[in-house]
Amino acid sequence: GYKEDNIFHAIKPPKLPQTLIQPLTEDEIRRLLLAVPRDTHEGVRSYAIVLLFLDTGIRLSELVNLKISDIDFVVGQFKVLGKGAKERLVPMGLTARRAVIRYKEHVRPQPVRPLEDRLFLTVAGDPISRDSVSRIVERLARRAGIPRLHPHLMRHTFAVRYLINGGDVFTLQKILGHSTLEMTRRYVTLASGDVKDKHRQYSPIDNLGLVESRRGRPKSAL
């Protein structure tokens with residue numbers, strides 16, 4: 001209130017360093033899934049949770065608030081309320097869909113509140129919390145030997161694997177609920193690095209086993 005003009009308008013905020021995201025490798029994904037005990041009620045729930053994270057890229061808050069009435073098991077998609085109270089439709093693959101159906105039909109306990117519609121519940125029948133899911137992921141991280149694992153890393157992993165498998169950035173932006181392409185472009189960079197590694201491994205020409213002569217300079221045509 002002492003000055004009419006904003007003395008800070010010309011000051012640019014410092015740029016925060018962008019740390020390189022290290023998504024899960026294919027080997028780590030397999031180790032993670034093998035670390036889930038699927039012969040218990042809690043394990044069936046954990047398996048469905050992990051598959052949803054890895055196959056759809058939803059946020060932790062979106063997962064704990066996911067409602068059964070918002071899931072279309074026939075089409076294979078569900079509705080979530082994302083950041084900024086924006087609704088969006090998220091597709092899911094057949095494997096994740098089967099895991100969710102198995103949990104819902106055979107393992108999901110009777111809710112404490114009869115009209116409770118949220119998908120994932122505790123053993124006591126209450127809606128599962130963000131902290132509970134984080135602890136589940138922490139336990140799986142120790143079992144799988146992936147100390148850096150956390151729910152949001154699985155979101156990053158989904159995005160990178162989606163692009164590597166041929167998905168386009170605009171569809172990915174819609175699935176993740178990003179308002180701009182800025183974050184999605186970071187995933188493109190990560191996916192490009194993996195593509196280069198794959199090309200070194202599966203190069204059509206290099207894998208022919210051709211032996212190129214290195215003796216002398218090429219002769220000029222007569």
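Reader: What should I know before we start?
Author: This is a predicted model, where local features need pLDDT of at least 70, side-chain atom pairs count only at pLDDT 80 or more, and totals for chains, interfaces and linings use all residues. Residues are numbered from 1 along each chain as its sequence is written, and side-chain values use heavy atoms, with hydrogens and water left out.

Reader: Why is Phe 8 called exposed?
Author: The label exposed takes over 50% relative accessible area, buried takes under 20%, and partly exposed is in between (1.4 Å probe, protein chains only). Phe 8 has 56% relative accessibility, so it counts as exposed. You'll find Phe 8 in the segment before helix H1 (26–34); helices here are DSSP runs of H or I with at least four residues, numbered from the N terminus.

Reader: What makes the side chains of Arg 161 and Glu 26 a salt bridge?
Author: The rule asks for a side-chain nitrogen of Lys or Arg within 4 Å of a carboxyl oxygen of Asp or Glu. For Arg 161 and Glu 26, the N to O distance is 2.6 Å, so the pair passes the rule. Arg 161 sits in helix H6 (residues 151–164) and Glu 26 in helix H1, 135 residues apart. By this rule the count comes to ten salt bridges, and Glu 26, Arg 30 and Arg 161 are linked in a network of them.

Reader: Is Arg 161 buried or exposed?
Author: Buried, because its relative accessibility is 14%.

Reader: How do you know that the buried residues of H7 line one face of the helix?
Author: In helix H7 (residues 169–176), the buried ones are Leu 172, Gln 173, Ile 175 and Leu 176. Looking down the axis of H7, they fall within an arc of 165°, so they line one face. That arc is taken from the directions from the helix axis to the C-beta atoms. Phe 170 and Lys 174, on the other side of H7, are exposed.

Note on methods: Helix = DSSP H or I, 4+ residues; strand = E, 2+ residues; numbered from the N terminus.
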